[in-house]
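Please walk through the model shown here with the text that follows.

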Amino acid sequence: MGNPNTGTQNIAETIVNYYCLTDATSYIKSTTTAAPPSTRSLFNYTYPAGCPLDNCGRETTNEPPCTGYVDGTTQETLPPRCGFNDHYTQPPSPNINGATCENAVVDVRYNFYWSGPNILKLNATVFLANIVLSTPTNPVVVTQKYKASFVNSFAGSPAEDNFYNVTTPFSRSGKPGYDIDKPMISGMVIRNETDNAFLYMNSNTSRQMALWNTGFDGLCSNAGRREILFGKDTFTSCNIYIGTSDLENCTDLSKLIINRLDNLMPAERIGRYGNNNPYGPAQWIEVLREDLTSTCTNSLEANNQTVLSWRFSGFCTDIISGINLDVMYGESGKANGVPTKEIIGAYVSYSKSTWQLTCGSGSLCTDPSYVEPFPITASVRFIKVPANTPEPKIRWEEEHPDICYQDVCWDNFIYPLVRGYTAEPRKYVLAMSLILILFLFGFLFITRPLW
């Protein structure tokens, strides 16, 4: 760290902690291909007893445990510290002992603490492990992880947008507007039970809009939540494995999927800016949702015998299989010369699919244990709204932007004369061009005799 005033170099305090893993399995890449599930797999969730549901399978109360939300994050448990970790003893170098590589570095995490132009301190965490060496019959692939975090240690007056009155450094998604690739802030409204008045926004992790974060198996039952980053269009999916028994009751299957998709994107409002006052309703935009009432209540099973027979044969129509979030934003001015990106609207829609087992009419379809994968999707799209209303275009221009309007293309007026034109032999093109020029001069000579 340098001092720009004196030109001298100041050494920041550095603390390194070493942790010795007793099990390095999570850092070893598997070389075997995971087999697809052979048993039924839906979601890691069952409806809590005593929770009222509407026709779409949604809980009619936001009170736990009916919501199925899990607030907070799991605290990571660190492995034991290495015996030599006293901040004085030099760590041992990696070495090969027989068929094992000892003290191999598998994970390094840096935390830089800074203030203004200076780095104040560095905390480093290093994970060491003993790795079994590869053999021709047992190849070993090690995954090394590195992470760097920068923590501001500003010790001045409290920030005017420290709405939660925290005493530790906190991050924003932008100030005042959103920064690209920063987390989008959303949440659910907490209201007064007496008069239903707005109290504050609950922006805990489980109340925020999210996407699927699948593991190596791609199963919805093991999928976690991935935060939505502002300005980054993302499409995610996970798989459920179901059989004939599930497709014979399409209504209940669709209700369960709607319940889980709404749990993935439960937020009622989205923050307009990168850091929003949870007690100020004006800083939060309401999320509009597609109305699924007709889909959930007007069941085809009640009036369509053809569809009814299909469904009993492992065929479901209009299954809700995905959720889509469209976020509209615009530039509402500038701050220090940087455009302020503000969210001005949001809409949640649902995707429908037709599901059918591909086992045909063979014996697999009659096997109650036979299952097939079906995707459940979640996506987000960011749409920039221009500050001024664009000039309206006729439909022909929108569908054919590369074709000249009414065949008038002044920039291509002399195109037959360029070498790229190959529709006619060049000598004919030149001859016709000269004849056209002669006719033009003759016309002008006759119509303008005073020349």
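**A walk through the predicted model**

Leaving aside neighbours within four places in sequence, asparagine 17 is in contact (heavy atoms within 4.5 Å) with Arg81, Asn85, His87, Ala124, Thr125 and Val126. This is a predicted model, in which local features need pLDDT of at least 70, side-chain atom pairs count only at pLDDT 80 or more, and totals for chains, interfaces and linings use all residues. Residues are numbered from 1 along each chain as its sequence is written, and side-chain values use heavy atoms, with hydrogens and water left out.

Asparagine 17 belongs to strand E1, residues 13-20. Helices (H or I, at least four residues) and strands (E, at least two) are DSSP runs, numbered from the N terminus. With a relative accessible area of 14%, asparagine 17 is buried; the term buried stands for under 20% relative accessible area, exposed for over 50%, and partly exposed for values in between, with a 1.4 Å probe and protein chains only. One of its contacts, histidine 87, also makes a side-chain to side-chain polar contact with asparagine 17, at 3.4 Å. A polar contact is a pair of N or O atoms within 3.5 Å; within protein, one must be able to donate a hydrogen and the other to accept it, and residues adjacent in sequence count only if both atoms are side-chain atoms.

For the chain as a whole, there are 7 helices and 17 strands. Of its 451 residues, 32% count as buried. Among contacts between residues at least 6 apart in sequence, 68% join residues at least 24 apart.

Two further residues give examples of contacts across the sequence. Valine 141 is in strand E6, residues 141-142, and is partly exposed at a relative accessible area of 37%. Its contacts beyond four places in sequence are Tyr27, Ile28 and Lys29. The C-alpha atoms of valine 141 and lysine 29 are 5.3 Å apart, although 112 residues separate the two in sequence. Serine 349, in strand E16 (residues 338-356), is buried with a relative accessible area of 16%. Beyond four places in sequence, serine 349 is in contact with Glu290, Gly322, Ile323 and Asn324. Between serine 349 and arginine 289, 60 residues apart along the chain, the C-alpha separation is 6.2 Å.

Strand E17 takes part in two pairings, where two strands pair if DSSP finds at least two bridges between them. Strand E12 (residues 234-242) pairs with E17 (residues 372-384) in the antiparallel sense over 9 bridges, and isoleucine 242 stands opposite glutamate 372 in E17. Strand E15 (residues 315-335) pairs with E17 in the parallel sense over 8 bridges. There, valine 327 has phenylalanine 382 of E17 as its bridge partner.

Phenylalanine 382 also belongs to an aromatic cluster with Tyr178, Phe230 and Tyr329. Rings of Phe, Tyr and Trp (its six-membered ring) pair if their centres lie within 6.5 Å; planes under 30 degrees apart count as stacked, over 60 as edge-to-face and the rest as tilted. The whole structure holds 10 aromatic pairs. The rings of tyrosine 200 and tyrosine 279 are tilted, because their planes are at 55°, with centres 6.2 Å apart. Tyrosine 200 lies in strand E9 (residues 198-202) and tyrosine 279 in the loop between strand E13 (269-271) and strand E14 (284-289), so this pair ties together parts that are 79 residues apart in sequence. Tyrosine 200 is partly exposed at 35%, whereas tyrosine 279 counts as exposed at 53% relative accessibility. Phenylalanine 230 and tyrosine 329 form an edge-to-face pair, 5.1 Å centre to centre with 70° between the planes. Phenylalanine 230 lies in the loop between strand E11 (224-227) and E12 and tyrosine 329 in strand E15, so the pair ties together parts that are 99 residues apart in sequence. Both phenylalanine 230 and tyrosine 329 are buried.

Charges also meet rings. The charged end of arginine 260 sits over the ring of tyrosine 45, 3.4 Å from its centre; such a charge is NZ of Lys or CZ of Arg within 6 Å of the ring centre and within 35 degrees of the ring normal. Lysine 427 likewise has its charged end over the ring of tyrosine 428, 5.5 Å from the centre.

Arginine 260 is one of the buried residues of helix H2. Because 12 of the 15 residues of H2 are buried, this helix is largely enclosed by the rest of the structure. At 1.5 Å a residue, H2 (residues 250-264) should span 21 Å, and its end C-alpha atoms are 21 Å apart, which agrees. The expected span is 1.5 Å times one less than the number of residues.
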